[in-house]
Amino acid sequence: MKTMNVIIYGTIRDIEQHFFTSFTNLNIISNYFNKVFIIIFENDSSDKTRNLLTQWQNTPYKNVIKHVIFKNDLDSLYPLRA
């Protein structure tokens, strides 16, 4: 797999408590690939998830390109979403 490239996409909200574990796992997974493009979509977090995500995005990691999308007020647009 070390010669392969991969895209990882995820959506998050209010994961401050689990942030370190989740993003450490992303770093571990990234070691198995040539290039990794990680896209994270965050919306409407009420904890420190956004701050942690911004710090993560600004910290370079080997072969990883990071892209974070922040959105607000999706709760009001889609109140019944899962």
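Ile-8 sits in strand E1, where strands (E, at least two residues) and helices (H or I, at least four) are DSSP runs numbered from the N terminus. The model is a predicted one, in which local features need pLDDT of at least 70, side-chain atom pairs count only at pLDDT 80 or more, and totals for chains, interfaces and linings use all residues. Residues are numbered from 1 along each chain as its sequence is written, and side-chain values use heavy atoms, with hydrogens and water left out.

With a relative accessibility of 18%, Ile-8 counts as buried; buried means under 20% relative accessible area, exposed means over 50%, and partly exposed lies in between, with a 1.4 Å probe and protein chains only. Leaving aside residues up to four places away in sequence, Ile-8 touches Leu-26, Ile-29, Val-36, Phe-37, Ile-38 and Ile-39, a contact being heavy atoms within 4.5 Å. Ile-8 and Leu-26 are 18 residues apart along the chain, and their C-alpha atoms are separated by 8.7 Å.

The protein as a whole has three helices and three strands, and from the N terminus on its elements run β-α-β-α-β-α. Along the principal axes, the C-alpha atoms fill a box of roughly 45 × 20 × 20 Å. Of the 82 residues, 33% count as buried. Among contacts between residues at least 6 apart in sequence, 75% join residues at least 24 apart.

Strand pairing comes next. E1 and E2 pair in the parallel sense over eight bridges, where two strands pair if DSSP finds at least two bridges between them. The chain crosses from E1 through H1 to E2 in a right-handed β-α-β crossover. Right-handed here means that, with the strands pointing away from the viewer, the path from the first strand over the helix to the second runs clockwise. Within this pairing, Thr-11 stands opposite Phe-41 in E2. Eight bridges also join E2 to E3, and these two strands run parallel. Ile-38 has Lys-66 as its bridge partner in E3, while Glu-42 stands opposite Phe-70 in E3. E2, helix H2 (residues 49-57) and E3 form a right-handed β-α-β unit. Seven of the nine residues of E2 are buried, so this strand is largely enclosed by the rest of the structure. In a regular strand the side chains alternate between the two faces of the sheet.

The largest nonpolar core has 15 residues, and those with the most contacts inside it are Phe-23, Ile-38, Ile-40, Leu-53 and Trp-56. E1, H1, E2, H2 and E3 are the elements that give two or more residues to this core. A nonpolar core is a set of buried Ala, Val, Leu, Ile, Met, Phe, Trp, Tyr and Cys residues joined through side-chain atoms within 4.5 Å. Not counting residues up to four places away in sequence, Trp-56 touches Phe-19, Phe-23, Asn-27, Ile-38, Ile-40, Lys-66 and Val-68.

A charged residue also lies in E2. Glu-42 belongs to this strand, which covers residues 35-43, and is buried because its relative accessible area is 0%. The structure holds one salt bridge, defined as a side-chain nitrogen of Lys or Arg within 4 Å of a carboxyl oxygen of Asp or Glu. Arg-50 forms it with Glu-42, and the closest N and O atoms are 2.5 Å apart. Arg-50 is partly exposed, at 23% relative accessibility. The Glu-42 side chain also makes a polar contact with the side chain of Ser-45 at 2.6 Å. A polar contact is a pair of N or O atoms within 3.5 Å; within protein, one must be able to donate a hydrogen and the other to accept it, and residues adjacent in sequence count only if both atoms are side-chain atoms. Beyond four places in sequence, Glu-42 touches Ile-12, Thr-49, Arg-50, Leu-53, Ile-69, Phe-70 and Lys-71.

Two loop residues concern the backbone. Asp-14, in the loop between strand E1 (5-12) and helix H1 (19-30), has a positive phi of about 50° although it is not a glycine. Asp-14 is partly exposed, with a relative accessible area of 32%. Asp-73 lies in the loop between strand E3 (64-71) and helix H3 (74-77). Asp-73, also not a glycine, has a positive phi of about 65°, and at 52% relative accessibility Asp-73 counts as exposed.
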